[in-house]
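Here is a short briefing on a structure, grouped by topic. Look it over before reading the points below.

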Amino acid sequence: MTVYGLWIDYEYCTGCKACEIACQQEHGFDTEELGIQVLEQLMNGGQTYNFMPIPTDLCDLCTERVQREGRPSCVHHCMAKVMEFGPVEDLARRMSQKPRSVIWAPKPRPRDQRPFDGADTGGSAQ
Amino acid sequence: MSDIADGETRIVRSTVWSAGAGCHGGCGVNLHVRDGKLEKIEGIADHPYNQGTLCPRALALKDYAYHPNRLTRPLIRTGARGTDTWRPASWDEALSLVESKLSAVKQEFGAESTVFVQGTGRDVGGWLVFLAYNYGSPNWMQALPGNSCYHPRLLAMKVAMGDYVVPDNSQFQQARYESPEWRLPECYVVWGQNPVATCNDGNHGHWIIHCVKRGSKLVVIDPNYTWLASRADIWLPLRPGTDGALALGMLNVIIEEELYDKDFVEKWTVGFEQLKARAAEYPLDRVAEICWLKKDLIAEAARAYARASPAALQWGVPVDMAPEGFSVASAINHLWAITGNVEIPGGMIVARPAFGMTAYPMSQDAIQDMYGDLMDKDQQAKRIGVDEFPLVRHMHWRAQPDSVITQALTGKPYPLKASVIAGTNFVVGAQDPLRWRKAFENLDFNVVVDLFMTPTAMALADVVLPSASFAERDGIRAWWSPLTAQNTAIRFGDCRSDAEICFELSRRLRDDFQFETLPDLYRYYLKDTGQTLEDVREEHWIMPPRDSPAMPYHRHEKGLLRADGKPGFATPSGKIELASSQMQEWGYDPLPVYVEPTYSPVSRPDMAEEYPLILNTGSRTIAFFHSEHRNVPKLRRLNPDPLVEIHPETAANYGIADGDWVWLENHVGKCRMRAKFAYVHPRVVVAQHSWWMPEKVREKDYGAYESNVNMLMPGGLSSKSGFGGAQVKSVLCRIRKADDQAAA
Ligand code: SF4
Ligand code: SF4
């Protein structure tokens, strides 16, 4: 089975967060629901300043959309054009050419799965 | 057709501009519509402007357009200004009221007593000019001291070069970065801008990132260690407001070390010796001291820029907002002029509207071209600011905003009575906002056009007209190239586009109005372009042919820039004027000069004891466009609180931790914000601007004056030219941790 993934050149990810909103739109997510989250890494006295987009377990690699039009919404809209979609093996070749890049191979979990689903919490923490 | 059938979903191709994303725009989008409702927005992959990409604000269009708080009907005020007292009205009733009030002002006091106010470079700008012109008032303006947004830069270029120039990111080529004619800038200077967060003035910010990715050497001039600065080969964290000194210092290095393009200077410029003498007044020692930079770093940046060919430069609004913004812009202009980075691939290229179609005129020539002698000379002479500022008189047709405010408050030399305010929320966004508010409270009748109830509408409007997002309107646009169409995808409430509103008011207010419908007017705009409205709509975007005067390169050599068809530039001398004959003639210094900010540790050491930090504001955020978008939850999530960026060591001195609520205070006022640690210059804090809280009580100004850094801005002007000097980039302040740490 071919495993698909996202390759991201985080050297040039600008942290614009277009991917977050593109994903929300594509899937009809609520404000607090994200399929991908962009984290800021500003540390070591400023020596390191990166943005790191990380898919969440809501990321389904835009399965439906990819069948229809070839690439995920985040990849299509990425302002810095630093994302690619494809079989992880192909992406690995890209990664071997490009330091400061990363590959994610997301696997979605059901959207409505919540930690306390099986517990009686007395009506709170739903 | 612009509608492409796709099963049950219609796809309408349009162009992003203004309300929605809020920006100056240009992105090509597919708007997916089903049963009259917007389903989603997608960037068009082969559109030369955005190449498929979109920013968070454009991508959140659905949440904006269908926001539950959108205004859906015209409102007429029933109670006192500042109270939430309105009654809904039909368009006919609301427009009839506006018509009768403005007609009465015109009859009793003259049309000049009505002012037309816009915010940033929204499409409504062109429409307000159209409306004001048809009504007969010469007074339209930007709601910003000194028109300090792009106008000073535009004017500096117009005076020196005869045209406006922009960095060449291949944007005028359909094939973009793959175009064989284009060259990658070897060096890219980004001067006072965070292009990650913004697409200013027809320049898509991320183009710069695309160039840097491809290998352009990057020089970033910014007191804040932005992400872009972290990717720079050379970062110059200059003292805010000292851009003019830095530019003159760089000119001096380039001239002294003979790194300039001698052939180009000799052949295509005048005034070089004068510029050389002026630049020599800015040796490295002096500039280093002014700018708080190391000498070597300045020299290194100057050399990196001058030795690269081609070199591109993108600049931001700090240039305009510096004291004498016009002068700072001139100095920077001369950097590309003497290095010969003009009209070459990957350098700076002349930007003209595609096919010569102007719908958004700024210069007097353009207005003359479009509307002829519609307004008689006596009336034109009443434009506010023309007596005081020769540059205002001779160049861009805008009223001088600071003079307008003073005139509204004093009633001299003639009284102001009414206003049409569109696409601006200046009661929040202006510097010294309460003074602006007071000025417009003095007027008898204010119309506000907006999509949402804002503090400005609540405080000032007598009539509010509900405007449309870009998805809800037609239009054509040539903010440079390509020529593009906006096509209506959806309707919302009873909203009308700015174009429709201004057109209809023009029709009502002008007796001999010559257009039947808006498309007639579009056809009039297109009359000399060789394009039909139907073609533009059908094609969606049209790039002018290679040999068109709107297309680069080397147009000065080919005689494509001057009206007389001769080689050269459209200046009086036909050359790039490093010392400007026109400025001289109008009584100004023909050469750039450095002016110290009015409120700085250098100019006001007395104040600096009490207020030791430089307060810098106005930087863009990706989530918001100026005062907008705080009410769109998906965008607010990206930036929930009003932030002030501070160096961790500076913060430690004041006992402030990351995320603490703090007070910023100075001699003008104070505001409460949230500290965010950043590697900003340790003697500078950088505060987000124009915050108001749409979720707060309407009648209490939506909290517009609690976390609004404009409350610390002195307002007024620090420029002799009337253009530039809004002084929002450098004022003094102090910071302390707030006793109350509750969220705003
Ligand atoms: S691939 Fe699709 S689902 Fe995954 S983060 Fe991108 S937009 Fe979201
Ligand atoms: S859209 Fe692209 S550049 Fe922007 S945050 Fe996401 S990955 Fe980074």
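A salt bridge here is a side-chain nitrogen of Lys or Arg within 4 Å of a carboxyl oxygen of Asp or Glu. By this rule, the count over all chains is 58 salt bridges. The model is predicted, so local features need pLDDT of at least 70 and side-chain atom pairs count only at pLDDT 80 or more, while totals for chains, interfaces and linings use all residues. Residues are numbered from 1 along each chain as its sequence is written, chains are lettered from A and ligands numbered from 1 in the order in which they are written, and side-chain values use heavy atoms, with hydrogens and water left out.

**Chain A**
- Chain A holds 4 helices and 5 strands. Helices (H or I, at least four residues) and strands (E, at least two) are DSSP runs, numbered from the N terminus.
- The order of elements in chain A, from the N terminus on, is β-α-β-β-α-α-β-α-β.
- Taken along the principal axes, the C-alpha atoms of chain A fill a box of roughly 55 × 45 × 25 Å.

**Interface of chain B and chain A**
- Chain B puts 34 residues into the contact, and chain A puts in 39 residues. Contact means heavy atoms within 4.5 Å.
- The size of an interface is often given as the accessible area lost when the parts come together.
- Between chain B and chain A, about 3,100 Å² is buried. Carbon and sulfur atoms give 57% of that area. Buried area is the accessible area (1.4 Å probe) that two parts lose on being put together, summed over both.
- The rule finds 4 salt bridges across this interface.
- E20(A) and R637(B) are joined by a salt bridge between their side chains, at 2.6 Å from N to O.
- Elements of chain B that give two or more residues to the side touching chain A include β4 (37–43), α6 (206–214) and β26 (670–677).
- α6(B) gives the most to that side, with 5 residues.
- The side of chain B that touches chain A divides into 18 nonpolar, 9 polar and 7 charged residues. Ala, Val, Leu, Ile, Met, Phe, Trp, Tyr, Cys and Pro count as nonpolar, Asp, Glu, Lys and Arg as charged, and the others, Gly among them, as polar.

**Helix packing in chain B**
- The axes of α11 (residues 284–291) and α12 (residues 295–307) of chain B come within 9 Å and cross at roughly 105°. Axes are lines fitted to C-alpha atoms, for helices over the stretch in contact, and angles run from 0 to 180 degrees between N-to-C directions.
- α11(B) is therefore roughly perpendicular to α12(B), a label for angles of 65 to 115 degrees.
- L284(B), D285(B), V287(B) and A288(B) of α11(B) meet K295(B), I298(B) and A299(B) of α12(B).

**Local features in chain B**
- R153(B) forms a salt bridge with D201(B), with the closest N and O atoms 3.7 Å apart. The pair links distant parts of the chain, 48 residues apart.
- The peptide bond from K412(B) to P413(B) is cis, with omega near 0°. P413(B) sits in the loop between α18 (401–410) and β16 (418–422).
- S18(B) is not a glycine, yet has a positive phi of about 70°.

Terms used
Angles under 35 degrees count as roughly parallel, over 145 as roughly antiparallel, 65 to 115 as roughly perpendicular and the rest as oblique.
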